[in-house]
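I opened the model today to look up a few places in the fold. My entries follow, in the order I made them.

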Amino acid sequence: MAPSVAEIPAASTAQEASPNQKKNVVVIGGSCVAVSTLLTGKKILPSTHRLIIIEKHSHFHYMFAFPRACVIQGWENELFVPYTKVFEDAPDKGQVIQALATNITKTHVELDREIEGFGNKVEYEYLIYGTGARHPEPGNLNDHDTKAAAINRLKETQEKIKKSTKVLIIGGGAVGLELAVEIREHFPEKEVTLVHSREQYMLSYKMGMHKEIVKTLKKFGVRQIMGDRAIIPEGGFVDDFKMIKVATKNGQEVECDLQILCTGMTPQSDLLAKLSPSSINPTSRLVKTKPTLQIADDAFPNIYTAGDVADLEDVKTGGAAWGQADLCIRNICKMIANPKIQAKDLGTHTPMAPQIMLYFGLAKGVAQLKMFRLFVITADFFLKRFFSYNISAGRAWTWMGTTMSKETADL
Ligand SMILES: Cc1cc2nc3c(=O)[nH]c(=O)nc-3n(C[C@H](O)[C@H](O)[C@H](O)COP(=O)(O)OP(=O)(O)OC[C@H]3O[C@@H](n4cnc5c(N)ncnc54)[C@H](O)[C@@H]3O)c2cc1C
């Protein structure tokens with residue numbers, strides 16, 4: 001468990017350092033890991049240090065709502081939140097730098113561009129490696145660095161879905177499941193087939209969750225093919241809206257004029273692999289950690305990792321990333337306060353109980369929640385209070401130190 005704030009040694013009472021005299025705690029990646037780090041870091045990081053977040057996107061991506069935004073138009077701007085306000089209330093506490101980190105040395109993170117006050121590299125005393133994972137578009141818009149480009153990509157997908165008559169979704173993870181239902185809810189005239197390679201949806205969760213999902217998909221008229229794989233042509237599918245027959249490994253055929261991939265994730269660990277090859281799991285490419293969430297390489301006790309890129313048994317969710325990052329920054333504060341601290345005096349990671357809520361259209365959902373040591377599978381009635389057209393995107397604006405409104409949504 002992460003220690004409570006009270007357990008963290010008090011912030012240094014040394015004379016206040018000016019921002020560029022301060023030592024840097026650098027986070028690579030400006031998503032869930034960074035948000036958790038900054039919310040805790042702003043409170044507990046001593047005044048001798050500042051937080052520098054390096055992120056290639058100009059805006060925070062609220063991915064949780066992407067499956068719906070691929071289908072329903074007109075609110076995409078709410079899902080990309082500017083980083084400009086994050087440290088507006090406390091500029092001495094940190095900065096978000098928009099750049100691609102291109103290399104990590106023992107002392108610096110190198111950037112793909114010049115940044116005022118830094119040049120093309122950022123020195124670090126501590127580093128949190130939070131580069132996450134790539135998923136196929138449009139579930140994740142990794143390669144779209146500006147708000148306009150990311151919104152355009154969502155709009156393109158909306159147009160494709162609108163134009164199609166029979167949609168094949170490949171991959172029945174959370175993204176594929178939600179997208180299938182969104183399409184059927186908004187375009188009941190379109191046929192939607194979901195092909196999933198396993199016999200069970202959401203394998204990390206209880207069987208009851210799977211059963212509720214199957215029932216919900218049936219209600220929405222999604223055709224489900226399980227325990228089978230669609231054969232993807234070399235070079236991928238061509239988006240030309242021609243009606244084609246896609247074969248499956250088990251010999252079925254799906255007629256469709258649009259194919260959407262919602263398969264697997266690829267950890268973005270290459271950057272760290274160059275500095276510390278031994279900390280990379282050769283099979284999964286995830287970053288191996290110690291229980292303290294320092295990377296599993298004794299040469300770098302000052303490098304931590306968390307989130308989708310980390311080799312941890314937690315299910316890969318924003319919630320899990322959040323908890324892990326919180327532990328990283330708390331341990332870093334302990335190390336700053338006492339550089340000779342022993343590993344046994346640092347907090348250690350406890351995997352998070354697998355909990356998730358799937359949004360099935362505007363007024364339905366299925367969730368696995370932990371209540372009083374028990375896992376509860378629950379649907380629509382108890383989840384009502386969580387339903388909103390934008391999947392609670394407003395909270396991302398609060399995390400980023402601002403509020404969402406008609407005036408701010410286009411920032
Ligand atoms: C469509 C979708 C819906 C989801 N819905 C939910 C949900 O409802 N609830 C939930 O808990 N989880 C959900 N998840 C999972 C959740 O989004 C992830 O677990 C979470 O985002 C992981 O956070 P992260 O910070 O580890 O990495 P990521 O979110 O993957 O972010 C990594 C960041 O690092 C940046 N980056 C990478 N390399 C570099 C570099 N070299 N230089 C600069 N920047 C770099 C990327 O641009 C990116 O912004 C969903 C995921 C998807 C794809």
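**Leu258 and its strand**

I started at Leu258, which sits in strand β16 (residues 258-261). Helices (H or I, at least four residues) and strands (E, at least two) are DSSP runs, numbered from the N terminus. I note that this is a predicted model: local features need pLDDT of at least 70, side-chain atom pairs count only at pLDDT 80 or more, and totals for chains, interfaces and linings use all residues. Residues are numbered from 1 along each chain as its sequence is written.

Is Leu258 buried or exposed? I found Leu258 buried, with 23 other C-beta atoms within 10 Å. The cut-offs are these: buried at 20 or more other C-beta atoms within 10 Å of a residue's own, exposed at 12 or fewer, partly exposed in between, with C-beta atoms placed from the backbone.

I then listed what Leu258 touches, leaving out residues up to four places away in sequence: Lys160, Ile161, Ser164, Val167 and Phe241. Contact here needs C-beta atoms, placed from the backbone, within 7 Å. I also checked Leu258 against Asp112: they are 146 residues apart in sequence and 36 Å apart in space, C-alpha to C-alpha.

**The four-stranded sheet**

I traced β16 into an open sheet of four strands, ordered β13-β12-β11-β16, with parallel pairing. Two strands pair if DSSP finds at least two bridges between them. Why do I call β13 (223-226) and β16 edge strands? Each has a single partner strand, so one side of each is left without a neighbour in the sheet. Direction ignored, neighbouring strands of this sheet are turned by 20° against each other on average.

Next I followed β11 (residues 166-170). Four of its five residues are buried, so I logged β11 as mostly covered. On one side, β11 pairs with β16 in the parallel sense over four bridges. Ile169 stands opposite Ile260 in β16. β11 also pairs with β12 (residues 191-196), again in the parallel sense, over five bridges. There I found Ile170 opposite Val195 in β12.

**The β14-β15 hairpin**

I moved on to β14 (residues 244-247), which pairs with β15 in the antiparallel sense over four bridges. Ala247 stands opposite Glu253 in β15. The hairpin has five residues between its strands, and Gly251 takes a positive phi near 90° there. I looked at both faces of β15 (residues 253-256). Val254 and Cys256 make the covered face, and Glu253 and Glu255 the uncovered one.

**The five-stranded sheet**

I read off another open sheet, with five strands in the order β5-β2-β1-β9-β18 and parallel pairing. Its edge strands are β5 (94-98) and β18 (303-305), each pairing on one side only. The twist averages 20° from one strand to the next. Axes are lines fitted to C-alpha atoms, for helices over the stretch in contact, and angles run from 0 to 180 degrees between N-to-C directions. Helix α1 packs on this sheet and touches β1 (23-28), β2, β5 and β9 (126-129). The direction of α1 makes about 165° with that of β2.

I looked at one strand pair in this sheet. β2 (residues 49-55) and β5 run parallel, joined by five bridges. Glu55 stands opposite Gln98 in β5.

**Helices α1 and α7**

How do α1 (residues 32-44) and α7 (residues 318-337) pack? Their angle is about 40°, with the axes 8 Å apart. The two helices are therefore oblique to each other. Angles under 35 degrees count as roughly parallel, over 145 as roughly antiparallel, 65 to 115 as roughly perpendicular and the rest as oblique. Residues making the contact include Cys32, Ser36 and Thr40 of α1, and Ala321, Trp322 and Ile329 of α7.

I found a cis peptide bond from Glu137 to Pro138, with omega near 5°. Pro138 lies in the loop between β10 (133-134) and α3 (147-163).

I then went to the loop between α8 (380-383) and α9 (394-399), which holds Ile391. Ile391 has a positive phi of about 50° although it is not a glycine. Ile391 is buried, with 23 other C-beta atoms within 10 Å. Ser392 is in the loop between α8 and α9. Its positive phi is about 60°, and Ser392 is not a glycine. Ser392 is partly exposed, with 14 other C-beta atoms within 10 Å.

Technical notes. Contact = placed C-beta atoms within 7 Å.
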